[in-house]
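User: I am new to this structure. Please help me read its features.

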Amino acid sequence: GVPMFPYRYSGRQHHFRIHTLAAELELVRELNSQLQRNVGVYPEIKAPEWHRQHGCDLGRLLLDCLMDFGYGRRDDCVFVQCFDPRELIRLRRELNTDLKLVQLIGNGKQDGVDHERLASTAGLAEIGEVADGVGPAWQRLVDADGQTLEFTGRAQSLGLAVHPYTFRAEQLPAFCDSLEAMLLHFMGAVGVDGVFCDFPDKAVRVRDGLRQAVAT
């Protein structure tokens, strides 16, 4: 009952109802059409093994729903992410999806998955046989002083995009005094390919500023 981030939206009227994936995809499609944009989607398959044990094949349902809205080719503006490497293998080899896949990497062992091994050179090489990128916790990419560790370079040398999570204004590392500074450090010095951020407007501004600086 205690909000984790009390300074964010604090509405208490509870008018919201469950927002389905199909409703979200319809919203994105219509806004892209009206605003002449090409904003993509980045859905995550949560606990796929647990859901299958309860009669729900989330992976298949996700792919079917994405296909209904025209997402089926590798160059479509969508990434599918999951912490469970077995599900990504299944998506690629059993369900034959051509969509871009991203292996999320946490810490320790979770749900029978050894994330420390996934983060190793051998683990990243295996991921590269199936997925197009990795989504590690940002703490894997730098030390306590913000110095870049080897993870990003290793993954990118294997052809994997690196999209660390999660950048939040309320959870800054000691070496950054603002979310913008944190984003700038990871997008610039560390050299990641994208980020998961709870404040996407700020992330886009930092990204565009970096692009403009490079262009000039």
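User: Which residues in α1 meet which residues in α3?

Analyst: Some ground rules come before the case. This is a predicted model, where local features need pLDDT of at least 70, side-chain atom pairs count only at pLDDT 80 or more, and totals for chains, interfaces and linings use all residues. Residues are numbered from 1 along each chain as its sequence is written, and side-chain values use heavy atoms, with hydrogens and water left out. Contact means heavy atoms within 4.5 Å. Here Leu21, Ala22 and Leu25 in α1 meet Leu62, Cys65 and Leu66 in α3. The residues of this contact are six nonpolar, no polar and no charged.

User: What is the angle between helix α1 and helix α3?

Analyst: Angles run from 0 to 180 degrees between N-to-C directions. Angles under 35 degrees count as roughly parallel. Helix α1 (residues 21-35) and helix α3 (residues 58-68) pack at about 30 degrees, with axes 10 Å apart. The two are therefore roughly parallel.

User: How many residues of strand β3 are buried?

Analyst: Buried means under 20% relative accessible area, exposed over 50%, and partly exposed in between (1.4 Å probe, protein chains only). In β3 (residues 100-105), six of the six residues are buried, so the strand is largely enclosed by the rest of the structure. Lys100, Val102 and Leu104 point one way, and Leu101, Gln103 and Ile105 the other.

User: Which residue stands opposite Val102 in β3?

Analyst: Two strands pair if DSSP finds at least two bridges between them. Four bridges join strand β2 (residues 79-82) to β3, and the strands run parallel. Gln81 stands opposite Val102.

Key
Angles under 35 degrees count as roughly parallel, over 145 as roughly antiparallel, 65 to 115 as roughly perpendicular and the rest as oblique. Ala, Val, Leu, Ile, Met, Phe, Trp, Tyr, Cys and Pro count as nonpolar, Asp, Glu, Lys and Arg as charged, and the others, Gly among them, as polar.
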